[in-house]
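Please keep the sequence and the structure at hand while reading.

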Protein chains: 2
Amino acid sequence: MEPGSDLGLGDSPLHRYLDGEFWSLKNELRRVLGGCPLFRHRYDLSLDEMRALTFQRVTFTMGLPLLKRAIQEQAEKTKNFISRSLVIGEVLSTADMATGVKEFVINTPCENAEKMYIGNAMYGNYAAVFAQLIINGRSQGPHCFIVPVRDEDGNLYPGVTAIDMMYKEGLHGVDNGILIFDKVRIPRENLLDKFGSVTPEGQYHSRIKNKSARFNAMLAALTPSRLAVTFQAMGAMKLGLTIAIRYSHSRRQFGPKAKEEVKIIEHQTQTLRLMPHLATALALTFASRYAGVLLDEDVFHGKELVDSRPLQALVAGLKAYSTWENIRCLQDCRECTGGMGYMMENRISGLKCDTDVFVTFEGDNVVLLQVVVRELLAQYTKQYEERPITSLLQSWAESGGDKLRTSFLAFNMDTVGNLTFLLKAVNFRERVLQRSLVARIYYKVMTKKEDFFSAWNSCLHHVASLSLAHIHRVTLEQFSLAVRRCPDQEDQALLMKFCLLYGTRLVFQERAWYLEHKYLTPRASMRIRTQLLDLCDSVKDDALRVISAFNIPHTSLHAPIAGITNPLAAWAFYPAPLLPPAREGARSRRPKLEAKL
Amino acid sequence: MEPGSDLGLGDSPLHRYLDGEFWSLKNELRRVLGGCPLFRHRYDLSLDEMRALTFQRVTFTMGLPLLKRAIQEQAEKTKNFISRSLVIGEVLSTADMATGVKEFVINTPCENAEKMYIGNAMYGNYAAVFAQLIINGRSQGPHCFIVPVRDEDGNLYPGVTAIDMMYKEGLHGVDNGILIFDKVRIPRENLLDKFGSVTPEGQYHSRIKNKSARFNAMLAALTPSRLAVTFQAMGAMKLGLTIAIRYSHSRRQFGPKAKEEVKIIEHQTQTLRLMPHLATALALTFASRYAGVLLDEDVFHGKELVDSRPLQALVAGLKAYSTWENIRCLQDCRECTGGMGYMMENRISGLKCDTDVFVTFEGDNVVLLQVVVRELLAQYTKQYEERPITSLLQSWAESGGDKLRTSFLAFNMDTVGNLTFLLKAVNFRERVLQRSLVARIYYKVMTKKEDFFSAWNSCLHHVASLSLAHIHRVTLEQFSLAVRRCPDQEDQALLMKFCLLYGTRLVFQERAWYLEHKYLTPRASMRIRTQLLDLCDSVKDDALRVISAFNIPHTSLHAPIAGITNPLAAWAFYPAPLLPPAREGARSRRPKLEAKL
C-alpha cells in the first residue's frame, strides 16, 4: 500500500499545482496529522475537556520535527519561511481549526490592543501586552511588553487578574480570557525592542523617531498573521466544499417521471450555489500564495513591512474578502447538504461556528476595508503629487472617465465570455470607483469644509465597494496568471473554465454597477447571467477532480455524507462518488467560451 | 412596581400595534416565561442535561393554563385559534428556541417522510409515521399512522429500533433520532383517518378518491407548521436586532480628531447593515399576520386547506423568505457586535446555530420556492384556460410586455422615493418574471420537446427569482396596508419610514434586473442607492423605539452588551441606550421623502 493511501491522499500534476511549491511538506504534515488519533474529530466534549484536548494537540504538533524546523526558520528568517508557515497553518486548521488558530502564530509579537480575547489566557505563563510606554511622564506611544502572568505551578502573580471568557460559538479549544494588570512591575528587558528600547539610565531610544510612524510599524507586524487567517479560511472552504460536492454527487432526489431520481448536483440551483464558491477557493489559492511570496521577498531583502504599504493593504483586503467568502461558502454547503449538514458528524456546521469569528478578529473586516482604501488613495495622491489635486480632478472630469471607458469598452456579445473582457471590466470598476471616491472626498473636505471623519464616514459604502473591487481585480489577475503558468495542458483547460467562472461571477454580482455606468448593455448583462448558469453546469463533473486535488485526508474529512465510513453514524453514510475518467473527461469538456490570454 | 416592569416590558400604542390583536396574550406569556428561572439562558450544559432541561421547560409550558387553553382551542377549532397559536409559538421561541420548536406543533398530524430527524424520538412513547398503506397488496398512497414506540417505562417495543442522532449545530434540547420499524403490528384505529380509513372488514374508504390528491391534502396539512417556523424566525430576528441595535447605540469607536469617539451606530456601514433587517422584520410581522388571518378564515369557514392553494403557496414562500432573511440578519448582528457577538453570553451566536436548520426543515427552502411557482403558474393557466396557451403567449409577445411597462413606468427622479412607485416596481417584476417563465417552459416542452423535468430544472434560477418576487410583492403590500391602518399618527409616520426603506431595499437589490428591463434608468438606479443610504441613516434613532416595542423581556434578551447586567460576565456589560424623546423625536424626523398612499 502506498504511504498515506488509506488516508485517501493522492498525487497528480493537479494535486501538486494546487498545493504549490510546498506540496511535499503539506503531504508530510497531512500524513502525520491524518494518522494521529489525537486529531480524530470530536464534538462531544465539555469545554474543559475540549481545551485539554486542544492543549494535547498543540503540544503534539509543536513537538513535530517539521514544526520545530519551521519555528527555527522563523527565528532565522530563512528564505520563504513565511510561505512555508502559511501552508503549515492551512493544513493544521484543516485537521483542527482551534489548533490552527491557537499557537501557530507567525511572527506576531503583540496581542491586540483590547486586552480581551487573549488566547491561552487561562493556561499561559507569559502574555505579550500592548501598553503605553511612559518615561518621565511622557508617553512614547504603545509598545509591546512581555508580562509574566503565572508561575511554574500555574498560580497568578500578584497584581494579575485573569477572567475566563468561557463559552463561544466555536473554537472551544481556545481558552480566551481577559487579563487585568494592577501595578505589575516588570524589568525593562521585557520591552520587545524591535521598535524602541530603554537604557538602564531610563533613556528611550528608537530607530523610528515619529510616534505615529512607530505605531504604524507595530500594526504592520500584524500582516503575516492576517494572511495566516486567509489560509485558514481557505482551508475551511476547501473542506466544506469537498464534503458538499461529494454528497451532491451521491445523493439523489427528484427526477423525470417514472425514471430514477437524479443526483442533486444535477439541480440547477445546486450547481449555481456550489460551483462559484469552488472557483473562488481556487482563485484565493493563487492570490494568497502571491501575497505570501511578496511578503517573503520583502523580508528576505530586509525590507521593513511598514514600508510595504501596498502589500499591507493587499493582505488586509484578502483577509476581509476571504473570510466573508468562507462564511457564505460554508452557509451554502450547509444548506446544500440539508438536515445532514446540520449534524456535527458531518463537519460543516462545526466549521461554520469555528470560523465565524474570522470576519471580526485580527482586524474587523469593515475596518480592514478602510485600510485598503487609505493605501489606494495614498498611491493615487503620490502618483499625482507634482500636480495640485484640483487640476488632477479637472483633468479626470474632462477626459479620464471617457478615456477609461473607450479603452476598455467591450460589451459585444461575443466577448463577454472572454477572460480579457472580464479582466478589463474589473479593472475599469476599480479605477472608476477610486477616482470618484477621491472626487467626493475632495469636494466634501475642500469645498464643503466638512471634517475629514464625517466626509469619510458618509462615503463608507463607497470605500467598502472600492476596497473589494481592488481585491477582486488582483485575485482574478492572479488566477489568470496561474492558469497561464500551469504546466499541464489538460489541467490548464480545467483551471481556465473555473477562472472564467470566477470572473463571470464577479461581473455578474456587480452588473447593476456596470449597467449604471453603461459598461454593459442590458442585453450583455442578461448574457452574463446565462453564461454564469452555463459555466456552473459545465464544471460540475470537473469539480470532483478539483476537490480530489485539494488532497484532504479522509480523517480530516470525517463526514459520512462524503463517503467516509463511521460505524457510529452508519445512518449518515453516502458512498463517495467515482472520479470521471480524468484525461478524456477533460478533453471532451473544453470550455465553449474560448479564452484569449 | 408595575407587573413585569422588572422584565423591561412596556406598553404604548406602538407596542400594541406591532404585537397585533393578541398583544395582551403575548404579554401574559412573556411575564410568565420571563419570570420563570427554568428559562434562564443556559449554554453550559452537556447534551443530556440540555435535553433534560428542555423537557422540563416543555412540561412547565404545557402545564400553563394559557397553553392548555390554546390546545383546547386547536381541538375545537375555535375562531382564530391558528393566529393565537402562532403568536404563542413566537413568544416561546424568543424564550427558548428548542422549546418553541419541540412540542408546540400546530395541527401537524404527520412527521416528514424521511423518518429521520424525528423530534422527541429518544423519549417519546408514540410516533406519528408516514407510510404506504397497502390493502390486499394494493397501495393507497402514503398515510399517517400512530405507532407505539415505547412502553410506560420507556422501553422500546419489539421491532422498533431508535437511533439517536446526537450532536447538531444547535437546538441541543431537541432529541432528534431515527426510528426503524420491523414488522410492527398496530391496530387499524391507529390510522389517522382525516383522509382515509379502513373498515373492520379491511375495506379502504376515503372522501378523496384520487391517490395523488390525497397526498396533496396531506402535504397541505404542513401549512400551519410552516407558518409557525416563519413566526419563530421572526422572533429570532427581533431578538438579534434588539441586542445588536442596543449595543450599537452604546459602544463607541473612532471619531473626529481630538473629540470623543462616536457611537458605532453612527458609522454608515453599521446602519446600512442593520436598518434594512429591521425594516424586513417589521414587514414580515404584517405579512405573516396576514397569512395567519387567511388560514384562520379558511378553517373557520370549514374550507379544506388543500383547496387554498394560493394560501399554501404564500405560506411556503414566506417560510423560505423569512428563514433566509433570519440567517442574513443574525449573521450581520453577529458581525456588527464584533468579538462580543461571538460569545454565547450575548445570545446572537446561539440563536444563529439554533435557527440555521429552519432553512432546510419543514420543507427545504429551494423546494418550497418551487411550490410557490407551481401555484403561480396554475393560477396563470386557469386565468386563460378558455384560450389555448399559444394565443395567450402570442398576445403577450405582441403587447403584454409593453403594456405592463407603460402602465407602470415611473422612473422620474422625484418618484423613486414614492411608495406607489416601489409597489408598482415589485408588481412589474413579478408579472414579467411570471410571463417569461411561462413562455420559456412552453417553448422547451412544446417546441423543443424536452421532458418537463429537464425544462423545469433548466429554469430553476428563474423559478426561484419569481417565487421570491411574489413574496416580496405581497410583503411590501401588507406592510403598506399596515402603515395605512395604523391608528396613531406619529407611529404611522415612523412605520412609513421603515416601509419606504423596505421597498427601497427590494428595488435596490434587484436594480440590475430593473436596468436590464429598462424600468430604471442608470441615473434613477443610482438615486435608489443614495435613497437607501439616506433612509438607513434617518431611521437609526427611531430604531430604538421599534426594538423597544418588540417588547422582549430582559430575561430573554439576557445579553450584557444589550445592557442586561450579569455578575458572571461583568466584562461584557454595556449600558442600555436611552430612548429618544418619543413624540418630539418622531415629529422632527418626518421622512423627507413624503409618501403618497
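At what angle do helix 9 of chain A and helix 19 (residues 522-538) of chain A pack, and how far apart are their axes? In this predicted model, the two helices pack at an angle of about 85 degrees, with their axes 9 Å apart. Helix 9 of chain A is therefore roughly perpendicular to helix 19 of chain A, since angles of 65 to 115 degrees are counted in that way.

**Helix 9 and helix 19 of chain A**

- On the side of helix 9 of chain A, the contact is made by A:Q268, A:T271, A:L272, A:M275 and A:P276, while helix 19 of chain A contributes A:L532, A:L533, A:C536 and A:D537.
- Sorted by class, the residues of this contact between helix 9 of chain A and helix 19 of chain A are six nonpolar, two polar and one charged.

**Helix 9 and helix 17 of chain A**

- The axes of helix 9 (residues 268-300) of chain A and helix 17 (residues 489-509) of chain A cross at roughly 105 degrees and come within 9 Å, and these two helices are therefore roughly perpendicular to each other.
- From helix 9 of chain A, the residues A:M275, A:P276, A:H277, A:L278, A:A279, A:T280, A:L282 and A:A283 meet A:L495, A:F498, A:L501, A:Y502 and A:R505 of helix 17 of chain A.
- The contact of helix 9 of chain A with helix 17 of chain A comprises 10 nonpolar, two polar and one charged residues.

**The interface of chain B and chain A**

- Contact between the chains involves 68 residues of chain B and 68 residues of chain A, and the area buried between them is about 5,700 Å², of which carbon and sulfur atoms give 63%.
- Within chain B, the residues that lose the most area to chain A are B:Y167, B:Y342 and B:E516, which together account for 14% of what that side buries.
- Between chain B and chain A there are 38 residue pairs in polar contact, counting pairs with both residues at pLDDT 80 or more, and the rule finds 10 salt bridges across this interface.
- One salt bridge joins B:D356 to A:K352, with the closest N and O atoms 2.5 Å apart.
- The side of chain B that touches chain A consists of 33 nonpolar, 15 polar and 20 charged residues.

**Salt bridges over all chains**

- Over all chains, the count by this rule comes to 54 salt bridges.
- B:E335 forms a salt bridge with B:R273, the closest N and O atoms being 2.5 Å apart; B:E335 lies in helix 10 (residues 309-336) of chain B and B:R273 in helix 9 (residues 268-300) of chain B, so the pair ties together parts that are 62 residues apart in sequence.

Definitions and conventions: Residues numbered from 1 in each chain as written. Chains lettered and ligands numbered in written order. Predicted model: local features only at pLDDT ≥ 70, side-chain atom pairs only at ≥ 80, totals over all residues. Heavy atoms only, no water. Axes fitted to C-alpha atoms, helices over the stretch in contact; angles between N-to-C directions. Helix = DSSP H or I, 4+ residues; strand = E, 2+ residues; numbered from the N terminus. Parallel < 35°, antiparallel > 145°, perpendicular 65-115°, else oblique. Contact = heavy atoms within 4.5 Å. Nonpolar A, V, L, I, M, F, W, Y, C, P; charged D, E, K, R; others polar. Buried area = accessible area lost by both parts, 1.4 Å probe. Salt bridge = Lys/Arg side-chain N within 4 Å of Asp/Glu carboxyl O. Polar contact = N/O pair within 3.5 Å; in protein donor to acceptor, adjacent residues only side chain to side chain.
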